Amino acid sequence: MEVFMEKKKIRLFCRLILSLTICCLIGTAAYGQTVGEKSKAIHKIVYINAERGIDPLSVTVAPGTTVIWINNADYRLQLKFTDQQVSLACAAPVNFSLDENKVFISTGIPLGGVASLCFVQKGEFKYKLIKMDQFGTPSTSERFNGVIKIQ
């Protein structure tokens with residue numbers, strides 16, 4: 001019973017963090033607009049589930065869209081672009097950083113956590129999610145491969 005309550009508290013905390021993150025993203029996008037602009041921030045959410053994998057597997061959006069990955073799996077994940085790399089992003093990415101090659105790679109996305117990246121470059125960005133077990137050993141699965149198409 002105690003473990004169940006602890007998991008419930010963690011999930012509630014993660015939902016709060018997600019809500020705050022989305023509010024910050026919207027606020028950041030709104031702050032960056034000039035007074036005369038009529039555009040609004042666009043977001044696309046991708047869900048990650050341990051049994052079902054990535055939903056949706058393919059996302060097609062316009063430049064300037066922020067893609068938000070929500071980790072509903074029971075383990076930490078790392079998102080890595082496999083073919084065309086992302087080297088330029090707008091706003092402040094969440095749980096992403098530039099690696100030694102100056103391309104974006106996610107840090108570990110915790111259980112219930114999020115990662116987000118605002119895409120500005122056109123192209124097809126294939127990615128894989130790498131499962132990190134409790135020992136830090138990476139593993140992959142075909143159902144954890146997705147693609148972001150920026151047109």
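Colleague: Which residues does Phe-119 touch, not counting residues up to four places away in sequence?

Modeller: Contact here means heavy atoms within 4.5 Å. By that criterion Phe-119 touches Pro-63, Gly-64, Thr-65, Val-67, Trp-69, Phe-81, Val-86, Phe-125, Ile-148 and Ile-150, with residues up to four places away in sequence not counted. This is a predicted model, in which local features need pLDDT of at least 70 and side-chain atom pairs count only at pLDDT 80 or more, while totals for chains, interfaces and linings use all residues. Residues are numbered from 1 along each chain as its sequence is written, and side-chain values use heavy atoms, with hydrogens and water left out.

Colleague: Which residues have the most contacts inside the largest nonpolar core?

Modeller: A nonpolar core is a set of buried Ala, Val, Leu, Ile, Met, Phe, Trp, Tyr and Cys residues joined through side-chain atoms within 4.5 Å. Buried means under 20% relative accessible area, exposed over 50%, and partly exposed in between (1.4 Å probe, protein chains only). The largest such core has 26 residues, and those with the most contacts inside it are Trp-69, Phe-81, Phe-119, Tyr-127 and Ile-148. At least two residues of this core come from each of strands E1 (42–49), E3 (58–61), E4 (65–71), E5 (76–81), E9, E10 (123–132) and E12 (145–150). Strands (E, at least two residues) and helices (H or I, at least four) are DSSP runs, numbered from the N terminus.

Colleague: Which cysteines does the disulfide join?

Modeller: A disulfide is a pair of cysteine sulfur atoms within 2.5 Å. The structure holds one, and it joins Cys-90 to Cys-118, with an S to S distance of 1.8 Å. The pair links distant parts of the chain, 28 residues apart: Cys-90 is in strand E6 (residues 89–94) and Cys-118 in strand E9 (residues 114–119). Cys-90 counts as partly exposed because its relative accessibility is 24%, whereas Cys-118 is buried at 5%.

Colleague: Is Asn-71 buried or exposed?

Modeller: Asn-71, in strand E4, is buried, with a relative accessible area of 0%. Polar atoms of the Asn-71 side chain lie 2.9 Å from the backbone nitrogen of Ala-73 and 2.9 Å from the backbone oxygen of Tyr-75.

Colleague: Where is there a cis peptide bond, and which residue other than glycine has phi near 65°?

Modeller: Most residues other than glycine have a negative phi, and most peptide bonds are trans. The bond from Asp-55 to Pro-56 is cis, with omega near 0°; Pro-56 lies in the loop between strand E2 (53–55) and E3. Lys-102 has a positive phi near 65° and is found in the loop between E7 and strand E8 (104–106). Lys-102 is exposed, with a relative accessible area of 58%. Asn-95 also has a positive phi, of about 60°, and lies in the loop between E6 and strand E7 (96–98). Asn-95 is partly exposed, at 27%.

Notes. Polar contact = N/O pair within 3.5 Å; in protein donor to acceptor, adjacent residues only side chain to side chain.
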